[in-house]
Amino acid sequence: MPVIDVTDLRKSYGGRPAVDGVSFTVEEGEIFGILGPNGAGKTTTVECVEGLRVPDAGRVRVAGLDPVADHEKVTRVLGAQLQRSELQDRLTVREALELYASFHPRPADWRPLAERLGLVPKLTTRFGKLSGGQKQRLFIALALVGDPRVVVLDELTTGLDPRARRDTWQLIEDIRANGVTVLLVTHFMEEAQRLCDRIAVIDKGRVAALDTPAGLIRRSTGATVISFTPSAPLDEDEVNALPGLVSVEHRGRRVTLSGTDETVDAVITLLARSHVTAHQLRVTDATLDDAFLDLTGRSGPDEEVTA
Ligand SMILES: Nc1ncnc2c1ncn2[C@@H]1O[C@H](COP(=O)(O)OP(=O)(O)OP(=O)(O)O)[C@@H](O)[C@H]1O
């Protein structure tokens, strides 16, 4: 049974659909990513999973429970990341951990958690004095202090410098290694590509695609580029007939083809069959950013956030 099961979820604000028929399941032990441009409906979706919003229609189950009707029970299996504004600046790290542990009937021991998250030297530091990365680590600790089966992390690394972001990625991998399922909302392509087992790309309130990062990349058209200088010209008709071919460019003797993995395989076969050597052969792979562009008609949302 999936830990999270969302079927045809719908939610409108003032008659405008923010989530318009979203379905996905998350299996135990997965890092499942929700990726999409600004305003795509990501936060509304996860807030319905957390039971913080009541769906207009559709079905949401977390460990078989309805997050609205069984809210109390759901908070015992699902750890949600707090929003920044929810912690008092004057609260120390230790006070925050003790306070949030007290909300749960069977909390995790916060001491090893604080140790694992590198918070021990900061236990007496007030929240307001922590760095961005330290605050994020505290938010992760607070989300985990109830010893949940699932943790929801929404835009966890936005605003962090690259070093702190990478440290946070390591923490997310550690969380999963400890058996916790992770639902991760992110703007960052690199983050999604590196961490997630599967990703739902959400655009305009709908799931535009749901696949592994590699699967999403494979779907992107024309984003695999192969370039080479042939020892003799190739037959133009045969080049134009290559499967998956999106474009051909000639610059001097250099040929650049864009297409799919299938195009690359076929051009290599064509070269061999024609007894032509490809000098300075280069193949560049599509990235998740290319796949995202194909799916949503926009480039990766990373820039929108930092703009
Ligand atoms: N409380 C609300 N009242 C009215 N409209 C809302 C409310 N919350 C969200 N919306 C709108 O619903 C749409 C989806 O918003 P949501 O926050 O779910 O998207 P998102 O993908 O998380 O966006 P972002 O990446 O910018 O956080 C947006 O058009 C947003 O303006």
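Trainee: Hi! Is E155 buried, partly exposed or exposed, going by its C-beta neighbours inside 10 Å?

Mentor: Good place to start! E155 counts as partly exposed, because it has 16 C-beta neighbours inside 10 Å. Keep in mind that this is a predicted model.

Trainee: Where is E155 found?

Mentor: E155 sits in the loop between β6 and α6. Its phi is positive, about 55°, although E155 is not a glycine.

Trainee: And what about D147, what is its phi near?

Mentor: Phi of D147 is near 55°, a positive value in a residue other than glycine. D147 belongs to the loop between α5 and β6. D147 counts as partly exposed, because 17 C-beta neighbours lie inside 10 Å.

Trainee: Okay, switching to the whole protein. How many helices and strands are there?

Mentor: The secondary structure comes to twelve helices and 13 strands. Along its principal axes, the C-alpha trace spans about 75 × 45 × 35 Å.

Trainee: What share of the residues is buried?

Mentor: Of the 307 residues in the protein, 38% are buried.

Trainee: And how much of the contacts comes from residues 24 or more positions apart?

Mentor: Such pairs account for 70% of the contacts with a separation of 6 or more.

Trainee: Let's talk about the inside. Which residues have the most contacts in the largest nonpolar core?

Mentor: Those are A141, L183 and L184, in a core of 70 residues. The largest share of this core comes from α5, which gives seven residues. There is also a second, separate core of six residues, and I226, L242, L257 and V267 are among them.

Trainee: Which residues is L183 in contact with, leaving aside its neighbours within four places in sequence?

Mentor: L183 is in contact with I4, V26, F32, V46, V49, V150 and V152.

Trainee: Now α6. How far does it reach?

Mentor: Helix α6 runs over residues 162-177. Its 16 residues reach 23 Å from the first C-alpha to the last, close to the 22 Å expected at 1.5 Å a residue.

Trainee: Which residues of α6 are buried?

Mentor: The buried ones are T168, L171, I172 and I175. They cover an arc of only 100° around the axis, so they are on the same side of α6.

Trainee: What do they pack against?

Mentor: The buried residues of α6 pack against β3, α5, β6, β7 and α7. On the face turned away from that buried side, you will find the exposed residues P162, R163, Q170 and A177.

Trainee: And which residue with positive phi follows α6?

Mentor: That is G179, with a phi near 90°.

Trainee: What about α10, which of its residues are buried?

Mentor: In α10, T263, A266 and V267 are buried. Seen down the helix axis, these residues fall within an arc of 100°, so they line one face of α10. Among the elements covering them are β10 and β12. The exposed residues T269 and A272 are on the face turned away from the buried side.

Trainee: How many residues does α10 have?

Mentor: Helix α10 has 13 residues, 261-273. From first C-alpha to last, α10 reaches 19 Å, close to the 18 Å expected at 1.5 Å a residue. H275 follows α10, and its phi is positive, near 55°.

Trainee: Last one: is A69 buried or exposed?

Mentor: A69 is exposed, because it has 11 other C-beta atoms within 10 Å. Its place is in the loop between β4 and α2.

Trainee: How far apart are the C-alpha atoms of A69 and V276?

Mentor: They are separated by 68 Å, and the two residues are 207 residues apart along the chain.

Technical notes. Residues are numbered from 1 along each chain as its sequence is written. This is a predicted model: local features need pLDDT of at least 70, side-chain atom pairs count only at pLDDT 80 or more; totals for chains, interfaces and linings use all residues. Helices (H or I, at least four residues) and strands (E, at least two) are DSSP runs, numbered from the N terminus. The expected span of a helix is 1.5 Å times one less than its number of residues. A residue is buried if 20 or more other C-beta atoms lie within 10 Å of its own, exposed if 12 or fewer, and partly exposed in between; C-beta atoms are placed from the backbone. The arc is that of the directions from the helix axis to the C-beta atoms. Two residues are in contact if their C-beta atoms, placed from the backbone, lie within 7 Å. A nonpolar core is a set of buried Ala, Val, Leu, Ile, Met, Phe, Trp, Tyr and Cys residues joined through C-beta atoms within 7 Å.
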